[in-house]
Amino acid sequence: MSGGLPVGAGSTEGLREEWARLLGGNHGGAVHPRVVDSLVDRTAELLDRARRARPFDPVPARQAGALLVDAHFTDPEVLARAVEILHRQPAADGVGPMLSGAFAAGWAAALRERTLREQEAIRLAADTARHGVERALRESEARFRALFESAAIGIGIGDVEGNILAVNKAIGEIFGVGTEDMAGRRVGDLVHPEDTPGVWEAYGDLISGKREYFQVDKPYYRRDGEVVWTHLTVSLIRDADGVPKYQVAMLEDITDRYRLQERLRHQATHDPLTGLPNRAAFFERLERLFEEPEPGARFGLCYVDLDGFKVVNDSLGHDMGDQLLTAVASRLDAALTPLGHMVARLGGDEFVVLLENCRGEQEAVAAAKTVLAALAKPVIVGDHKLAVGASVGVLERRVATTTPGAAVRAADLTLYRAKEAGRGRWTLFDPKENARAVSRYAVSVRMPSALDRGEFFIDYQPLVNLADGSLAAVEALVRWRHPQLGVLGPEEFVGTAEETGLIMPLGRWVLEQACGQAADWVRRFGDRAPQLNVNLAVRQARNAGLVADLDRILRTSGLQPGKLQLEITESTVVGPEDEALKSLHGLVDLGVSLAVDDFGTGWSNLAYLRDLPVSGLKIAGSFVGDLHDPAKDTHLGWRIVSGLVSLAHTLGLTVTAEGVENRADAERLRLMGCDWAQGWHFGRPVRPGEIARRIAEANLSETVDLAE
C-alpha cells in the first residue's frame, strides 16, 4: 500500500478503492466476499463523512474502526495498513492524521471491549465448569458414601501397610462388632487356622503391586468366637503415577452356603446308614496316596467282611440288619480312627481300613487284630444279643509297586482266602496267590477272546541314559482293559497265559503292535527314536517258529532289527545244551539284541551268562527297592549292586537298573557306572503319544541349544 498517492486520491471513490483492496486481502481469516463488499461500503462511507465534516467529527471514523473489529479484522497488520491509508488522505487543515487517529482509537476501543467480553465469557465458563465439577464431585462422593454405607456386602479400605482405614456397616455385622472397632486394626490380625498359604501369598503379591486383585473363600472369627465364611475379593488402588496406594476388600457372608455345601459333600462322601466315609471317599483318599508319593512310601489295607450277616438279615429282617451294621461301624470307628486309620463302608457288610504311611506288615496285621477284637463281644440289638465275627484280608505294600485298583482287588481276594480258611480270622496278602487267583479267573473267563475284542493295549516306560539323561529306549508293557476287573498289569495274567499256552498269540500280537509303533517313531524322528524293548516269555523263546515270526514282523513293520531288544528272564535257558539257545542265536543273527531281565532273582549258574548271546543286563528292581528298607543292610545292598555292574561290564554288557524312584539313587548308580535306568523317577508307563511328545521336546531342546 506504500509508494505514492492512490488513484483518485481525495475523492470518495479513491478511498473506496484503497479500502476495498485492504479489506479484500489476506487478513488471517476467511470472510465471504459479499460481507467484505458490504463492510467496504459502510466503513468507507463513515470515513468519508468524517473526512468531509467541518469541524472534524471523529465519531464516524471511530465507528468505522469498531466495525472492522466486529467483522473480525483484528490483525494488527490490518490496523497498520488502514492507518497508513487514512493518514495519507489529502484533506484541508491536516485532517488525515486526525482521521487515522480516530479510526485507530475506535478500532482499539472496540478490540479492548471485545477482549474484555471474551475474558468475561471465559471466566464465566470456567466458573460454571468449576462449580459443575465441584457439584459432580459432591454428588459422586455422596453416591459413594451411600453405596459404601448401605451396601449389602462388607467393604473395607486399607493402606498397603495393612492398616484398616475404614469399613462399612455390613462388615461390622459380619464380624459382630461396630465399625469403630475395626478401624485401626491390621489386616494380618484377621487370620484363621484354615487359611491356605496361597491366601497370604496372593495378598503379599497384591500389596507389592505384582497383581491387581485376588478372590478366595476365607473364614474369619467373629467377636463371639463363631466362624464366619466369606467370599473375599481384594483389589489394589494405585495413585496417578501407578504406585500402589490403597487396598479395597469386599466380603460376602457365605456361611449358610458353605455349610450347605459341606452337608452336601458329607452326604456325597459318607454312608447314610453308618455315617462312615463311603466308597467314593475311600477311593479319593487312596488315590491321593498315589499322586506324589515319597520314595519308599508304604500303605496298608484291611478288607473286612462280616461273617454270618446274611443269616441275621434273613432271619431277623433288614431293619435289624441295619442296626447291626450301625453298631459294627461304631465299634470299628471307635477302635481304629484314634490310631489315625480311615474306616469306610464299601457297601453291604463290607468295610475297609486304610493305613496311610504304614510302617510295615506288623502294623497292618495289628490293625486287623484290632478289627477282630472290636467285634469279639456280642452286639446288643433290641432284645437280641448277636454274635458277630469278621474275616479280614490284609495287604501291605510299597506305593510304587501297585495301583489303587490293583491294591483293592488284591485285598479283596485275600479276604476270600481268609473266608475259605475258616472265617473269623485275618489273612496276609500273598503276591503269588493273588496273581494266581486273578490270572485263573481272567484267563478262564475272558482271555481267549480278549484279543479279538481289542481289550489289550500297550504302554511304554522310558529307559534313560544316565550319562546325559536322554531317552535311550522304551519298554513295551502289555495291559488288559478287563471289563469287570479294570486295567490289569502283566504280572496279573502273563503267568497263567504261559501255563495255558495263550501267551503265544498274545506275545505275537505285542511284537506286531510294538514294532509297528517303534517304526512309526523312526519315520517321524529318525535316529532320535528310542530303542524298543519287548519282554519275551519263556514259552515264546522255546518256540521253534519264533525266529521266522519275528523276521516277518520286522519286514512287515519296516523296523530295523537294530532298534529292537528282546528281554528274556533267567529261567529261559537252563543249561548250555538247552534248545532255547538256538532260537536266541537265531534272533541275534537277525540283528536283534538280547538282554537278561530281572537279573539276580533266580540265576542258578553265572557261567551260563558268559555263553548267552546277550548284550545287556537289567538289575532287578527289588535290589534297588531293598536299598531303602531299614531292616536290611543298605551298605551291603549298594555293594551288591556295584558288583553286578562290574560283572556285567567285565562281560561287555550294558547295565540297566530297574525300580529307580529318586534322584539320589539315579546319581549313585551313575557314579557306579550303570549305563541306563528306568523307574518312576524317569517316568511311569505311558501311552505312545506321550513318548512321541517327549522325543519331540528333546529334539526341540537340542535345536535351541545348537542355535544358541
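The model is predicted. Across the whole structure, a search finds zero disulfides. Helices α24 and α25 have axes that come within 10 Å of each other, and α24 lies oblique to α25.

**Cysteines**
- A disulfide requires two cysteine sulfur atoms within 2.5 Å.
- For C302, the closest cysteine sulfur is that of C358, at 8.4 Å, which is too far for a bond.
- Seen from C358, the closest cysteine sulfur is that of C302, again at 8.4 Å and too far for a bond.
- C302 has 0% relative accessibility and therefore counts as buried.
- C358 has 5% relative accessibility, so C358 also counts as buried; the cut-off for buried is under 20%.

**Helix pair α24 and α25: geometry**
- Helix α24 spans residues 634-650, and helix α25 spans residues 663-672.
- Their axes cross at roughly 45 degrees, which means that α24 is oblique to α25.
- The crossing of α24 past α25 is right-handed.

**Helix pair α24 and α25: contact**
- On the α24 side, the contact with α25 involves W638, V641, S642 and V645.
- On the α25 side, the residues that meet α24 are D665, R668, L669 and M672.
- Sorted by class, this contact has five nonpolar residues, one polar residue and two charged residues.

Methods:
Residues numbered from 1 in each chain as written. Predicted model: local features only at pLDDT ≥ 70, side-chain atom pairs only at ≥ 80, totals over all residues. Heavy atoms only, no water. Buried < 20%, exposed > 50% of the residue type's maximum accessible area, 1.4 Å probe, protein only. Axes fitted to C-alpha atoms, helices over the stretch in contact; angles between N-to-C directions. Helix = DSSP H or I, 4+ residues; strand = E, 2+ residues; numbered from the N terminus. Parallel < 35°, antiparallel > 145°, perpendicular 65-115°, else oblique. Left-handed = near helix turned anticlockwise from the far one by under 90°. Contact = heavy atoms within 4.5 Å. Nonpolar A, V, L, I, M, F, W, Y, C, P; charged D, E, K, R; others polar.
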